[in-house]
Amino acid sequence: MIKLQKLLKEKNDKIQIPGVGVMSYDGLKKDVNKKVQDLLKRSKRGNHTGLDERQFKLLGVMWKALADYEENKWNFKTY
C-alpha cells in the first residue's frame, strides 16, 4: 500500500520548468517523450524543416528539469 501511495504522489509532484511554468512529473515526462518521438519521426522521413531554435531550447530546458527532479529523487531515497 505504501508503494502505491508513493507512486501516486510521484505522479502528482510538481516540477518547476525555468521560463516555462510548472508541470506535474507525469505530464512533463509524457510531453518530453512526445516531443522526442516527433523529432525521431521527422528525422526518419528526412523532414528537418519546421522547427526552430526555440523549440530545441524548450526541449532542453524540459529535459533538464526532468533530469534534475529524478536525480534529486534518487538522492533522497532510503533503502
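Trainee: About how many helical turns separate D68 and K64 in helix α3?

Mentor: Happy to start there, and please keep in mind that this model is predicted. D68 and K64 form a salt bridge, with the closest N and O atoms 3.0 Å apart. Both residues belong to helix α3 and are four residues apart, so the separation is about one helical turn.

Trainee: Is D68 buried, exposed or partly exposed?

Mentor: Use the cut-offs here: buried means under 20% relative accessible area, and exposed means over 50%. D68 has 33% relative accessibility, so D68 counts as partly exposed.

Trainee: Which residue's side chain meets that of K57 in a salt bridge?

Mentor: Side chains of opposite charge can pair when their charged atoms come close. At 3.3 Å from N to O, the partner of K57 is E53.

Trainee: What is the N to O distance in the salt bridge of K30 and D26?

Mentor: K30 and D26 are four residues apart in helix α2, so about one helical turn separates them. K30 is exposed, with a relative accessible area of 56%, whereas D26 is partly exposed at 24%. Their side chains meet in a salt bridge, one of six in the structure, and the N to O distance is 3.6 Å.

Trainee: How many aromatic pairs are there, and how are the planes arranged?

Mentor: A pair of aromatic rings is described by the distance of the centres and the angle of the planes. The count comes to one aromatic pair. That pair is Y25 and Y69, with 5.0 Å centre to centre and 40 degrees between the planes. Planes under 30 degrees apart would count as stacked and over 60 as edge-to-face, so 40 degrees makes this pair tilted.

Trainee: How many residues apart are Y25 and Y69?

Mentor: Both Y25 and Y69 are buried. Y25 sits in helix α2 and Y69 in helix α3, so to speak linking distant parts of the chain, and they are 44 residues apart.

Trainee: Which residues of α3 are buried?

Mentor: Helix α3 has 23 residues and reaches 33 Å from its first C-alpha to its last, close to the 33 Å expected. G60 lies in this helix, but at 37% relative accessibility G60 counts as partly exposed. The buried residues of α3 are L59, M62, A65, L66 and Y69.

Trainee: Which residues is R42 in contact with, leaving aside its neighbours within four places in sequence?

Mentor: R42 belongs to helix α2, which covers residues 25-45. With 17% relative accessibility, R42 counts as buried. Setting those neighbours aside, its contacts are N47, T49, G50 and L51.

Trainee: In what order do the elements of the protein chain run from the N terminus on?

Mentor: The protein chain has three helices and two strands. Buried residues make up 16% of its 79 residues. From the N terminus on, the order is α-β-β-α-α.

Methods:
Residues are numbered from 1 along each chain as its sequence is written. This is a predicted model: local features need pLDDT of at least 70, side-chain atom pairs count only at pLDDT 80 or more; totals for chains, interfaces and linings use all residues. Side-chain values use heavy atoms; hydrogens and water are left out. Buried means under 20% relative accessible area, exposed over 50%, partly exposed in between (1.4 Å probe, protein chains only). Contact means heavy atoms within 4.5 Å. The expected span of a helix is 1.5 Å times one less than its number of residues. Rings of Phe, Tyr and Trp (its six-membered ring) pair if their centres lie within 6.5 Å; planes under 30 degrees apart count as stacked, over 60 as edge-to-face and the rest as tilted. A salt bridge is a side-chain nitrogen of Lys or Arg within 4 Å of a carboxyl oxygen of Asp or Glu.
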